[in-house]
Amino acid sequence: MNPFFILYVLKVRKNRLILHFLLHLRMSTSKKIKSALISVFDKTGLAPLVQELHKNGVVLYSTGGTQSFIEEMKIPVERVEDLTSYPSILGGRVKTLHPKVFGGILNRRDIEEDQAQIAEFEIPEIDLVIVDLYPFEATVAAGSGHDEIIEKIDIGGVSLIRAAAKNYKDVVILPCQAEYASFLELLIEQKGETSLGQRKTFAQEAFNVTSHYDAQIFKYFNQGKKEVFKESIQESHVLRYGENPHQRGIFYGNLDGMFDKLHGKELSYNNLLDVDAAVNLMADFKDDEPTFAILKHNNACGIASRPTLRKAYIDALAGDPVSAFGGILISNTTIDKKTAELVDDLFCEVIIAPAFTDESLEILKSKKNRIILAQKEVVLPNRQFRTILNGVLVQGKDLITETAKDLESKTKKKPTDKEIEDMIFANKLVKHTKSNTIVLAKNKQLLASGTGQTSRVDALVHAIHKAKSFNFDMHGAVMASDAFFPFPDCVEIANKAGITAVIQPGGSIKDQLSIDYCNANKMAMVFTGNRHFKH
């Protein structure tokens, strides 16, 4: 016999065996939905599901408002109360918590003992559970009273979700409205059947929903009393990449709640870091006269406050027109046409403002990829955290912004009103600049800053060199430092550059050395008492 013929026959038989195995596997994991329990708070989007389930001959069980909703659709529905022989009690707190409900969900179809027990106790199998939980998080966010918030802690719904998810081998769980559309599509395409993989995917989302729900309840009760790290954010946005192209990047949060994106490409990981730095910086200038800032790598390379926004932009750009290329721009007030005409000449990644006039938008949208964000009024978190080593570091946000009344004069020469104004301006910048940092300012304009240096002297020398390179006159300028001066070398260097006033936290055991130098050289110096490290 031809050996090739023998091989062909063996291959055919092998393929038939594989096909038979796959068909058997599909039959053993594919489940037909015959019954469903529906218990939802919000009925939005439920009607198409109910209609399709009814069309597929699925027996529906429900209670309360959901039952009434289905009955109004003229679709048959079995009352849970008839199944359990118990009414809804305790003001609706107990409706579905009963063995005849949970037995129908949790029974294992391939375990003989389970099947014998549900037959003995006349428990119907439930193949699908649809739940929409009480809106606990929204109730807290709305500022409702404690009693109302407590009543929005869902007990039965969470229990139903967990039970159905645990038994995903036999049961489908839809734990929230977000899952309705994809399930409805499956229901139609697969004629009421689901695969094991699909059920497991729904179960995965179910535990995501319940874990987030519980985290929000704990957060409400805890109020920072128990030192545990428990954060849960449902919204996510996959970025093109992380800090570098070989790194994966995801933003967890609701950007749409923070900004109206009016134009441009998608925000990148690095864009978001710069946008965060810009928003936090400008928050300290929110109530000031028109202020414009330009940031690069999370630090301000230019910022100025002026009577008009156009002039503020011109003087902010003058601070470092080289670094401004490809930067992030932010304003504390509406961007108008005159300002937009100037901004349009600069290549920048992102422009942020509370609002834009129609004329300014028409100009700024001329660059296809330029990202334009209208910032909304949003309360930002007052807690910061970052991963380090094998754990997480958490701290309260630096929310201290010094004013004139917080300054303690330490020298014989008192600062003038103009110097105080500039020192407050510079000190706001210091707070939002990478340590070690020195900021030089004059007439509410950033002259230069030394950022992220290992030595405070290096930071100052860098700032002076930069200010000179852009032809700034430093005579009458002020210097701000994020931390104290351990030696008088910085005030000496500053004095020789023409700086007349210094603002710093103080707190060094050698503060007096810097004070003595200032007194000997007719410089003014004030202490704030607050260090502003930023790493």
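**Notebook: rings, a covered helix and a helix pair**

I began at Phe 285, where Lys 428 lies over the face of the ring, 4.7 Å from its centre. The model is a predicted one, and I read every value below as computed from it.

I then looked up the ring partner of Phe 285. The centres of Phe 285 and Phe 425 are 5.6 Å apart and the planes stand at 70°; angles over 60 count as edge-to-face, so this pair is edge-to-face. Which parts does the pair tie together? Phe 285 is in the loop between α13 (269-283) and β11 (291-296), and Phe 425 is in helix α17 (residues 417-431), so the parts joined are 140 residues apart in sequence. I checked burial for both rings. Phe 285 has 0% relative accessibility and counts as buried; Phe 425, at 4%, counts as buried too.

Next I took Phe 292 and Tyr 313. Their ring centres lie 5.0 Å apart with the planes at 70°, so I noted this pair as edge-to-face. Phe 292 belongs to strand β11 and Tyr 313 to helix α14 (residues 309-318), so the pair links parts 21 residues apart in sequence. Are these two residues buried or exposed? Phe 292 is buried at 0% relative accessibility, and Tyr 313 is buried with a relative accessible area of 2%.

I recorded the count of aromatic pairs as 9. I also found one aromatic cluster formed by Phe 136, Tyr 213, Tyr 220 and Phe 221. Elsewhere, Lys 230 lies over the face of Phe 218, with 5.4 Å to the ring centre.

I turned to helix α5 (residues 99-106). Which of its residues are buried? They are Val 101, Phe 102, Gly 103, Gly 104 and Ile 105. I looked for what covers them and noted, among other parts, strands β2 (35-40) and β5 (128-132). The cover also includes helices α4 (80-84), α6 (112-120) and α9 (156-166).

Last, I examined helix α19 (residues 489-496) against helix α20 (residues 511-520). Their axes come within 8 Å and cross at roughly 25°. Angles under 35 degrees count as roughly parallel, so I put α19 and α20 down as roughly parallel to each other. The crossing of α19 and α20 is right-handed. Which residues make the contact? From α19 they are Val 491, Glu 492 and Asn 495; from α20 they are Ser 514, Tyr 517 and Cys 518.

How values were computed: Residues numbered from 1 in each chain as written. Predicted model: local features only at pLDDT ≥ 70, side-chain atom pairs only at ≥ 80, totals over all residues. Heavy atoms only, no water. Phe/Tyr/Trp six-rings, centres within 6.5 Å; stacked < 30°, edge-to-face > 60°. Helix = DSSP H or I, 4+ residues; strand = E, 2+ residues; numbered from the N terminus. Buried < 20%, exposed > 50% of the residue type's maximum accessible area, 1.4 Å probe, protein only. Lys NZ or Arg CZ within 6 Å of the ring centre and 35° of its normal. Contact = heavy atoms within 4.5 Å. Axes fitted to C-alpha atoms, helices over the stretch in contact; angles between N-to-C directions. Parallel < 35°, antiparallel > 145°, perpendicular 65-115°, else oblique. Left-handed = near helix turned anticlockwise from the far one by under 90°.
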